[in-house]
Amino acid sequence: MADKHCRYNKESNENNTKLNAVREEYKRYKKRSPPPDFGDVIDFENPSTFSGRVREINILKNFDESFECHNSGLLNASKWNVFELISCPGFIFIVNPFETGVQHYFVQRSLKNFPCKPNATNLVVHDDVILEEGQSFWEYCVESASPDTIKKLRWTHLGYQFDYNNVEYKPDIYYGFPRDLGSLTCHIATALGYPDYRPESGVVNYYPLGSSMGGHVDKYENDLSQPLVSISFGQSAVYLIGGKTCDIRPTGIQHFISIIY
């Protein structure tokens with residue numbers, strides 16, 4: 001669901017590119033010569049970078065002593081460091097709440113299991129990558145003669161599939177949601193005050209070093225009463241979170257082994 005241009009107030013911004021602060025910031029952080037200045041990026045593990053832009057959230061009121069994260073891959077929720085971005089109310093950031101080994105476990109799942117058929121992936125546009133039913137993408141890469149094969153995988157859909165041509169979910173195409181990932185997200189949502197949350201669809205995005213995703217809006221959910229949960233298991237990166245329109249300069253945050261919603 002990513003595109004190269006922000007979709008906020010698209011018509012007005014097409015006539016005045018100076019108003020598109022999202023695009024300007026995106027290009028600034030993409031520059032290599034000269035390299036960008038990361039001095040204003042928020043690092044949630046370093047309070048000195050907050051500069052009044054972040055507030056800590058107390059989530060203990062959302063659950064009682066009976067709530068446990070046992071077997072979910074998460075640390076006890078009372079130990080989580082949870083923050084909200086003041087400029088974007090409702091944008092919650094949780095700093096690495098995972099037990100040891102969970103990051104590696106889901107990285108492996110993302111390469112070995114999630115891209116397997118019948119789940120849709122972007123690999124359909126690569127004629128030289130042909131996976132058999134149930135074949136592991138990771139095993140295919142290991143057996144491949146080209147070391148660049150793994151870089152071709154950019155997304156995988158889970159649960160209800162998404163039609164990029166018509167930009168909509170396909171309610172009649174559902175391949176099930178991974179139980180382990182579902183348990184993880186349900187525990188996260190419950191701890192944050194959404195006990196009725198149930199994941200139905202998800203997209204796994206893959207970012208080879210040096211790649212990025214352009215500005216976009218996730219606006220295709222039918223039930224806006226439930227949160228969007230985003231989990232990062234990869235390398236450190238800068239994530240730009242914008243405002244209601246493209247003329248609002250986005251805030252850069254350091255994104256590493258974390259959860260945002």
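Modeller: In this predicted model, a pocket is an open set of grid points with protein on both sides within 12 Å along at least five of seven lines.

Colleague: How much space lies in the second largest pocket?

Modeller: The residues closest to the centre of this pocket are K117, A120, T121, L123 and V124. They belong to a lining of 15 residues. The space in the second largest pocket is about 310 Å³.

Colleague: Against which element do the buried residues of α2 pack?

Modeller: Helix α2 spans residues 21–30, and its buried residues are A21, V22, E25 and Y29. Seen down the helix axis, these residues fall within an arc of 105 degrees, so they line one face of α2. The element against which they pack is β8 (237–241).

Colleague: Is S78 buried, partly exposed or exposed?

Modeller: S78 lies in the loop between β1 (54–56) and β2 (81–85). Buried means under 20% relative accessible area and exposed means over 50%. Because its relative accessibility is 46%, S78 counts as partly exposed.

Colleague: With which residues is S78 in contact, leaving aside its neighbours within four places in sequence?

Modeller: The side chain of S78 makes a polar contact of 2.6 Å with the side chain of N76, but N76 is within the four places left aside. L60 is 18 residues from S78 in sequence, yet their C-alpha atoms are 6.5 Å apart. The contacts asked for are L60 and F63.

Notes. Residues are numbered from 1 along each chain as its sequence is written. This is a predicted model: local features need pLDDT of at least 70, side-chain atom pairs count only at pLDDT 80 or more; totals for chains, interfaces and linings use all residues. Side-chain values use heavy atoms; hydrogens and water are left out. On a 1 Å grid over the protein atoms alone, a cavity is a set of points where a 1.4 Å probe fits but cannot get out, and a pocket is an open set with protein on both sides within 12 Å along at least five of seven lines; lining residues have an atom within 4 Å of a point. Grid points are joined across faces, edges and corners, and a volume is the space filled by probe spheres set on the points. Buried means under 20% relative accessible area, exposed over 50%, partly exposed in between (1.4 Å probe, protein chains only). Helices (H or I, at least four residues) and strands (E, at least two) are DSSP runs, numbered from the N terminus. The arc is that of the directions from the helix axis to the C-beta atoms. Contact means heavy atoms within 4.5 Å. A polar contact is a pair of N or O atoms within 3.5 Å; within protein, one must be able to donate a hydrogen and the other to accept it, and residues adjacent in sequence count only if both atoms are side-chain atoms.
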